[in-house]
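This briefing is meant to be read beside the sequence and the coordinates.

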Amino acid sequence: PVPSLKELYLPYFDIGAAVNLRTMESQKELLAAHYNSLTAENDMKFERIHPQEGVYAWEAADRIADFAASNGMKLRGHTLVWHNQTPDWVFEGEGGAPASRDTLLARMKEHITAVVSRYKGRVYGWDVVNEAVEDQSGDRLRQSKWLELAGEDFIANAFRFAHEADPEAVLFYNDYNECNPEKRDHIIRLVQSLQNQGVPIHGIGLQGHWNLHGPTIGMIREAFERYAELGLQLQITELDISVFDQADRRTGLTAPSAEMIERQAERYEQIFGLFREFKEVLTAVTFWGAADDYTWLNDFPVRGRRNWPFVFDANHQPKPAFWKIANGLE
Ligand code: G3I
């Protein structure tokens with residue numbers, strides 16, 4: 001018999017999965033058996049839930065919220081303010097001019113208030129701002145319409161609006177490349193400055209889009225240690241472990257090799273061992289999918305390439321990686 005991952009990890013942290021309407025149907029037994037938290041992969045994003053001014057499209061997100069509730073799962077909200085998947089109208093002003101700062105912040109407030117209020121009591125925490133820090137940092141925020149038109153404090157404002165709409169919600173700053181020390185330092189300075197201004201921020205999301213090769217366990221440990229110094233809870237929000245090394249650009253593979261599967265299992269074993277060490281600050285580990293029949297990594301970053309990043313295979317059977325993270329828990 002296959003033990004339940006969520007039950008094995010009850011003493012540690014929640015086990016989450018990102019879903020869309022298709023996978024929520026095709027993976028429903030697997031989701032119910034092994035995951036106690038859900039995230040909408042796309043359906044709570046601005047362009048999906050608020051496609052036009054004054055028009056909200058709740059249906060898909062509502063179905064995900066209903067599925068979570070009827071299976072006794074928690075629900076994370078992803079995401080309120082992002083440079084990506086945000087419709088153009090948000091940034092447009094009168095007569096084709098860019099929106100003014102006031103208009104943009106008013107729209108942001110209206111959006112956050114509507115979305116957070118609707119899922120109040122159902123979504124326990126939000127990725128309020130996603131990926132606002134530049135990759136090759138220097139010391140800049142990511143260039144985006146939010147930054148350009150509203151200025152740097154769009155971030156503080158987003159957190160304040162979310163907190164007003166649901167004072168109970170756990171509010172996260174979420175980003176990737178958490179193991180790049182330069183980018184991470186910038187994120188830490190950003191979060192500290194929010195804390196110093198009294199902005200309601202409660203957690204940091206480390207996306208965790210990793211691969212066979214990196215980041216190393218030492219690098220991940222350092223990320224946890226540095227972020228933990230901020231005194232906030234941490235979550236892994238979008239975990240997947242690509243079976244390819246960074247430099248591997250091969251396409252056309254129709255199944256992973258035995259060696260890939262073995263190395264991936266070792267990576268999962270080490271990474272989950274580390275996660276368990278940090279159970280005091282780490283409250284959830286969410287995979288960016290649930291099983292290898294669907295992943296956003298198919299075609300990314302190499303077109304025409306499939307990937308197999310999870311601990312369940314395309315038939316929803318446990319892979320060697322599953323047994324590595326399921327066995328040997330104290
Ligand atoms: O829904 C349309 C469909 O109508 C259309 O026919 C099709 C044609 O390309 O596109 C579909 O939309 C795609 C959507 O996924 C749904 O599949 C978009 O093109 C595609 O860009 C979008 O990708 C999503 C990506 O975010 C966008 O940046 C991925 O599914 C989603 O997994 C990914 O998730 C992000 C997190 O939100 C933030 N962190 C990184 C992570 C991975 O990129």
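Leaving aside neighbours within four places in sequence, glycine 16 is in contact with Tyr35, Ser37, Leu38, Thr39, Arg76, Ala284, Val285, Thr286 and Phe287, where contact means that the C-beta atoms of two residues, placed from the backbone, lie within 7 Å. The model is a predicted one, in which local features need pLDDT of at least 70 and side-chain atom pairs count only at pLDDT 80 or more, whereas totals for chains, interfaces and linings use all residues. Residues are numbered from 1 along each chain as its sequence is written.

**Glycine 16**

- Glycine 16 lies in strand β1, residues 14–19 (helices, H or I with at least four residues, and strands, E with at least two, are DSSP runs numbered from the N terminus).
- Glycine 16 counts as buried because it has 28 C-beta neighbours inside 10 Å; a residue is buried if 20 or more other C-beta atoms, placed from the backbone, lie within 10 Å of its own, exposed if 12 or fewer, and partly exposed in between.
- Glycine 16 and threonine 39, one of its contacts, are 23 residues apart in sequence and 7.3 Å apart in space, C-alpha to C-alpha.

**The chain as a whole**

- The chain has 12 helices and nine strands.
- Its radius of gyration is 20 Å, close to the 20 Å that the globule rule gives for 330 residues, so the chain is as compact as a globular protein of that length (the radius is taken over C-alpha atoms, and the rule is 2.2 Å times the number of residues to the power 0.38).
- Along the principal axes, the C-alpha trace spans about 60 × 40 × 40 Å.
- Buried residues make up 42% of the 330 residues, and among contacts between residues at least 6 apart in sequence, 74% join residues at least 24 apart.

**Helix α9**

- Helix α9 (residues 181–196) has 16 residues and reaches 22 Å from its first C-alpha to its last, close to the 22 Å expected at 1.5 Å a residue, the expected span being 1.5 Å times one less than the number of residues.
- The buried residues of α9 are Arg184, His186, Ile187, Leu190 and Leu194.
- Seen down the axis of α9, these buried residues fall within an arc of 160°, so they line one face of the helix (the arc is that of the directions from the helix axis to the C-beta atoms).
- What covers the buried residues of α9 includes α8 (154–165), β5 (170–175) and α10 (217–228), while the face turned away from the buried side carries the exposed residues Arg189, Gln192 and Asn196.

**Ligand shell**

- The ligand is surrounded by Glu41, Asn42, Asn84, Gln85, Asn130, Gln207, Glu238 and Trp296, a residue being near a molecule if its C-beta atom, placed from the backbone, lies within 6 Å of it.

**Backbone features**

- Glutamine 85, one of the residues around the ligand, has a positive phi of about 50° although it is not a glycine, and it counts as exposed because it has 12 C-beta neighbours inside 10 Å.
- Glutamate 131, in the loop between β4 (123–130) and α7 (145–150), has a positive phi of about 60°.
- The peptide bond from histidine 78 to threonine 79 is cis, with omega near -5°, and threonine 79 has its place in strand β3, residues 74–81.
- Phenylalanine 300 and proline 301 are also joined by a cis peptide bond, with omega about -5°.
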